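Trainee: Please take one close look at the charged side chains that pair up here. Then set that part in its wider setting.

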Amino acid sequence: MNLKIIGMIPFLKKPEVKKLALAIVSSPDNEYDGLSLSDVAPFIATEDLYEVAMEAKKNNKSVSSLFVFMKINDLKRLIKSGYLSKEEMKYLVIFLDKEDINQLMREKTNSHDYSNFVAYLPFTDKKVLGEMMLSYALDGHDPFAFYAFVDEEAKEQLVGLVMDKKAPKVNLNLLYPFLDNKDIEALFESYLKEKGKPITIIDKSKDKN
Amino acid sequence: MLSSVKVGNRIRTLREEKKLTQEELAGKVFVTRQAISSWEKGQSFPDIDNVVSLCEIFQVSLEDLLCLK
């Protein structure tokens, strides 16, 4: 008899499916008798998904095929675990609502954990991102990835940090095209002063009018 | 926020007014001809040092070169 295990999955009991899923994620080739995690994912009990996902991550396996079946609270727990890869974090964004993403980014800012945040930039409130960008710059990183997504106020504050030499890793060449006119001039003036060059290229005549 | 296309067009206009080829301007700014071409097409912005050099070569203000008006 040629029995294929894949055809039996819908008829297995919840504990048996869980056991099968754990066997898959624990195996070196991420398979059990030709079955992959995505084959069994729809049949794993909702309450077992988090445990299977955590076991998979401990074995350095991808769990993105489980996301669509997981409860939102379990997804959030999974994010907080810190086990998810950059690719998984990208994929996860479609399962989170705006406030979840804002909260996630606030937590990252507060804990100074800046791992895997780039995929969330377009979906985060400008104010939340502004705070994250300033914190990121103050912590010694170049925040160029934020520039297209933050408001003018945050960029003005960043220029202030640069001029006060509190954000030494900011690459000015990447920053200046995103600034408004006033901040561009301020940045160039500060740059020229620092280099000891004359500030002849900045037209001061308009300030007198 | 700056427009790379506007800045590129301005650089091209100023270069042509000075009757310089891309190659000649590249020699004065110490960059490659490809860099000048990329700026003029709006594909990239010049670095701050290069912006300063371009202002000096064309004898224009920062406001004029970067179309900040």
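Mentor: Three residues, A:Lys18, A:Asp48 and A:Glu51, are joined in a network of salt bridges. A salt bridge here is a side-chain nitrogen of Lys or Arg within 4 Å of a carboxyl oxygen of Asp or Glu. The model is predicted: local features need pLDDT of at least 70, side-chain atom pairs count only at pLDDT 80 or more, and totals for chains, interfaces and linings use all residues. Residues are numbered from 1 along each chain as its sequence is written, chains are lettered from A and ligands numbered from 1 in the order in which they are written, and side-chain values use heavy atoms, with hydrogens and water left out.

Over all chains, the search of the whole structure finds 20 salt bridges. Take A:Glu88 and A:Lys57 next. Their closest N and O atoms are 2.7 Å apart. A:Glu88 sits in helix H6 (residues 86–92) of chain A, and A:Lys57 in helix H3 (residues 46–58) of chain A, so the pair ties together parts that are 31 residues apart in sequence. Helices (H or I, at least four residues) and strands (E, at least two) are DSSP runs, numbered from the N terminus. A:Glu88 and A:Lys57 are both buried. Buried means under 20% relative accessible area, exposed means over 50%, and partly exposed lies in between, with a 1.4 Å probe and protein chains only.

Two further pairs each stay within one helix. A:Arg77 bridges to A:Asp74, with 3.0 Å between the closest N and O atoms. Both belong to helix H5 (residues 72–81) of chain A, three residues apart, about one turn of the helix. A:Arg77 is partly exposed, at a relative accessible area of 43%. A:Asp74 is buried, at 10%.

The other pair is A:Glu152 with A:Lys155, a salt bridge of 3.5 Å, N to O. They share helix H9 (residues 152–163) of chain A, again three residues apart, about one turn of the helix. A:Glu152 is partly exposed, at 34% relative accessibility. A:Lys155 is buried, with a relative accessible area of 2%. In general, an α-helix has 3.6 residues a turn, so residues three or four places apart point the same way.

Now the charge totals. Chain A carries 30 positive and 33 negative side chains, and the centres of the two sets lie 2 Å apart. Lys and Arg count as positive, Asp and Glu as negative; His and the chain ends are left out. Each charge is placed at NZ of Lys, CZ of Arg, CG of Asp or CD of Glu. Chain B has 10 positive and 10 negative side chains, with the two centres 6 Å apart.

Chain A has twelve helices and zero strands. Its radius of gyration is 25 Å, well over the 17 Å that the globule rule gives for 209 residues, so chain A is more spread out than a compact globule. That radius is taken over C-alpha atoms; the rule is 2.2 Å times the number of residues to the power 0.38. The C-alpha trace of chain A spans about 90 × 30 × 25 Å along its principal axes. Of its 209 residues, 41% count as buried. The accessible surface of chain A is about 11500 Å², and 53% of that belongs to carbon and sulfur atoms. Areas come from the Shrake-Rupley method with a 1.4 Å probe; for residues, only the protein chains shown count as cover.

Chain B has five helices and zero strands. Its radius of gyration is 10 Å, close to the 11 Å that the globule rule gives for 69 residues, so chain B is as compact as a globular protein of that length. Buried residues make up 51% of the 69 residues.

One residue of chain B leads back to chain A. B:Val60 lies in the loop between helix H4 (48–58) and helix H5 (62–65) of chain B. B:Val60 is buried, at 13% relative accessibility. Leaving aside residues up to four places away in sequence, B:Val60 touches A:Ile201, B:Leu14, B:Cys55 and B:Leu65. Contact means heavy atoms within 4.5 Å. B:Val60 and B:Leu14 are 46 residues apart in sequence and 9.0 Å apart in space, C-alpha to C-alpha.
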